[in-house]
Amino acid sequence: MSRTKPHEIVERALELSAADGCVVIADEESSANLRWAGNALTTNGVTRGRNLTVIATVDGGQGTASGVVSRSAVTAADLEPLVRAAEAAARAAGPAEDAQPLVTGTPASPDFTDAPDETSSAVFADFAPALGEAFARARAGGRELYGFANHELVSTYVGTSTGLRLRHDQPNGTLELNAKSPDRLRSAWAGRATRDFKDVDPTVLDAELAVRLGWAERKVELPAGRYETLLPPTAVADLLIYQMWSAAARDAVEGRTVFSKPGGGTRIGERLSRLPLTLRSDPNAPGLESAPFVIAHSSGDDASVFDNGLPVPATEWISGGELSRLTTTRHSAGLTGLPLAPAFGNLILEGGGDRSLEEMVASTERGLLLTCLWYIREVDPATLLLTGLTRDGVYLVENGQVTGEVNNFRFNESPVDLLSRATEAGRTEKTLPREWGDWFTRAAMPAVRIPDFNMSSVSKGV
């Protein structure tokens, strides 16, 4: 089976299907990684894998049912049982609420019959020597570097009984670097997202972390309270990704989210920010390219297996500070009367200023500069109140200069409320979300100034 081309697996599964409709998704995955600790490489590895999802649809007197079965490491002998299992699941299920005719008419991908793309350790050909240089510099400077670099490439093949033959290759790379003092009392983090590791330099990140460890030599204890706070792009990304995960139109219409309008309806058309901010997704955004069509392995609030292959257009979710779209499937668009707006593979916030984070620090009289957020959890869906912790460095800014490191905090904030209170947004740049980096990496965000960020309690973590 490993020698069988993915498109052949898709075609064979479709041939075997006796259902009224069928969607087959083959994901060919490869990854390469490096890990290091104490200024030395510890492990490296390369993996390969295949996942196959079969979605069978069965028409009945009361509607169309769907059955979804996914398995990894499928052999030739497993293929027919997998198809039959999906059909059995469909027959055992009741009518699918999100049932729609399977998508038709999308032109076939010209490379659908080509072999999948693969990554390998060669992706680190330039990065690895630079990492060795970073180790040497850190060692000489009395720092210890820890972290990992991971690159994966997923070639996805989608075939349907209605004739769709689509393919998308998605590279995805992440670099996380943590610098510590030898006594482990000081820690600083930096991360980057990349498609090919040609645009990340670990020596540059090490130099950035050295500065932050220097800031941390002076400790300042601060109580809980509201502080003017500079959120770096990574923190902004974590907050707005969660906001978009909570932006399903149907949930809003049913009165269950922060985007529900009191008395009924949604907040579309309402101004969310005094700043002229635009939050958008675009599958063709340079450096953040994502699938230009729907790839849905299961149905949920913002996805439907019946929409597989549906084109994903560029969409503005917030336009000039005003809420303009909520995510919809074909089914939820019909229920709510809102425009079709499929879920997204990247997220971009822009329209603020052109100042860097360093320039924003220089114009701060007194406030806090965060490194990143983590352990973010939802407290109240009606307001999208989130709680979480700061991590790896909270710094005190006085008269335009960083004067020391303060203790960590637990925060309680809603990203929607933060947008309404933001007084400045800086230059948009590609960033790696710290909390959601395992699930969502294609983001570009500015740093944002919040005049009264709620640090609800002191945290003793690092």
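Arg391 lies over the face of Trp374, 4.3 Å from the ring centre. A charge counts as sitting over a ring if NZ of Lys or CZ of Arg is within 6 Å of the ring centre and within 35 degrees of the ring normal. Arg35 is placed over the face of Phe148 in this way too, at 4.9 Å from the ring centre. Here are the two cases side by side.

| Charged residue | Ring | Distance from the ring centre |
|---|---|---|
| Arg391 | Trp374 | 4.3 Å |
| Arg35 | Phe148 | 4.9 Å |

Please keep in mind that this is a predicted model: local features need pLDDT of at least 70, side-chain atom pairs count only at pLDDT 80 or more, and totals for chains, interfaces and linings use all residues. Residues are numbered from 1 along each chain as its sequence is written, and side-chain values use heavy atoms, with hydrogens and water left out.

Now to rings that meet rings. A pair of aromatic rings is described by the distance of the centres and the angle of the planes. Rings of Phe, Tyr and Trp (its six-membered ring) pair if their centres lie within 6.5 Å; planes under 30 degrees apart count as stacked, over 60 as edge-to-face and the rest as tilted. The count by this rule is 16 aromatic pairs. In one of them, the centres of Phe411 and Phe453 are 5.7 Å apart and the planes stand at 45 degrees, so the pair is tilted. This pair links distant parts of the chain, with Phe411 in strand β16 (residues 408–413) and Phe453 in strand β20 (residues 448–459), 42 residues apart. Helices (H or I, at least four residues) and strands (E, at least two) are DSSP runs, numbered from the N terminus. Phe411 is buried at 0% relative accessible area, and Phe453 is buried at 0% as well. Buried means under 20% relative accessible area, exposed over 50% and partly exposed in between (1.4 Å probe, protein chains only). Elsewhere, ring pairs join Trp36, Phe124, Phe127, Phe135 and Phe197 into a cluster.

What about the inside? A nonpolar core is a set of buried Ala, Val, Leu, Ile, Met, Phe, Trp, Tyr and Cys residues joined through side-chain atoms within 4.5 Å. The largest one has 54 residues, of which Leu231, Phe259, Leu279, Leu347 and Leu368 touch the most other members. Helix α5 (residues 233–245) gives the largest share of this core, 8 residues. Another core, of 31 residues, lies apart from it and includes Ala134, Leu177, Leu230 and Val402.

Next come the sheets, where two strands pair if DSSP finds at least two bridges between them. An open sheet of 6 strands has the order β3-β2-β1-β4-β5-β6, with antiparallel pairing. β3 and β6 (187–194) stand at its edges with a single partner strand each, so one side of each is left without a neighbour in the sheet. Strand β2 (residues 40–60) pairs with strand β3 (residues 63–72) in the antiparallel sense over 10 bridges, and a hairpin joins β2 to β3 through 2 residues. Across this pairing, Val54 stands opposite Val69 in β3, while Asn51 stands opposite Ser72.

Strand β10 (residues 315–319) pairs with β11 in the antiparallel sense over 2 bridges, and Ile318 stands opposite Leu323 in β11.
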